[in-house]
Amino acid sequence: MGKCIFAVGSYDEAFAKHLIDNDAALVSDNEAGVYEKLKALVESRDKRAEYGQKAYACGKKHHDKADMQKMLVEDINKALKIVNQELD
């Protein structure tokens, strides 16, 4: 269904927080964690499948194309209102 995500980076970064909060990926911020989590993925087909499903579900829930386009249009309209108010 989906592809398992393994991410490396600071837990303070928005992408890492998003993945962790949604349990959509295995994330590590240090070398020991990278080894431990990759080892777990290599050794368990079930874990790879589980996180593939979780990643897919997270993407579908939070990154739907129509929803993203709607949010973009809303943000552009808000910005235009602010600019127009400043010009008046």
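This briefing covers the cysteines and helix α2 of the structure above. The model is predicted, so local features need pLDDT of at least 70 and side-chain atom pairs count only at pLDDT 80 or more, while totals for chains, interfaces and linings use all residues. Residues are numbered from 1 along each chain as its sequence is written, and side-chain values use heavy atoms, with hydrogens and water left out.

**Cysteines**

- Taking a disulfide as a pair of cysteine sulfur atoms within 2.5 Å, the count comes to zero.
- The sulfur of Cys4 has its closest cysteine sulfur in Cys58, 13 Å away, which is too far for a bond.
- With buried meaning under 20% relative accessible area, exposed over 50% and partly exposed in between (1.4 Å probe, protein chains only), Cys4 is partly exposed at 29%, whereas Cys58 is buried at 7%.

**Helix α2**

- Helices (H or I, at least four residues) and strands (E, at least two) are DSSP runs numbered from the N terminus, and α2 covers the 13 residues 31-43.
- Asn30 caps the N-terminal end of α2, with a side-chain oxygen 3.2 Å from the backbone nitrogen of Ala32.

**Two sides of α2**

- Gly33, Val34 and Leu41 are the buried residues of α2, and they lie on the same side of the helix, because they cover an arc of only 100° around its axis, taken from the directions from the axis to the C-beta atoms.
- The cover over these buried residues includes β1 (6-8), β2 (26-28) and α3 (45-62).
- The face turned away from the buried side carries exposed residues, among them Glu31, Tyr35 and Glu43.

Terms used: Expected span 1.5 Å × (residues − 1). Contact = heavy atoms within 4.5 Å. Polar contact = N/O pair within 3.5 Å; in protein donor to acceptor, adjacent residues only side chain to side chain.
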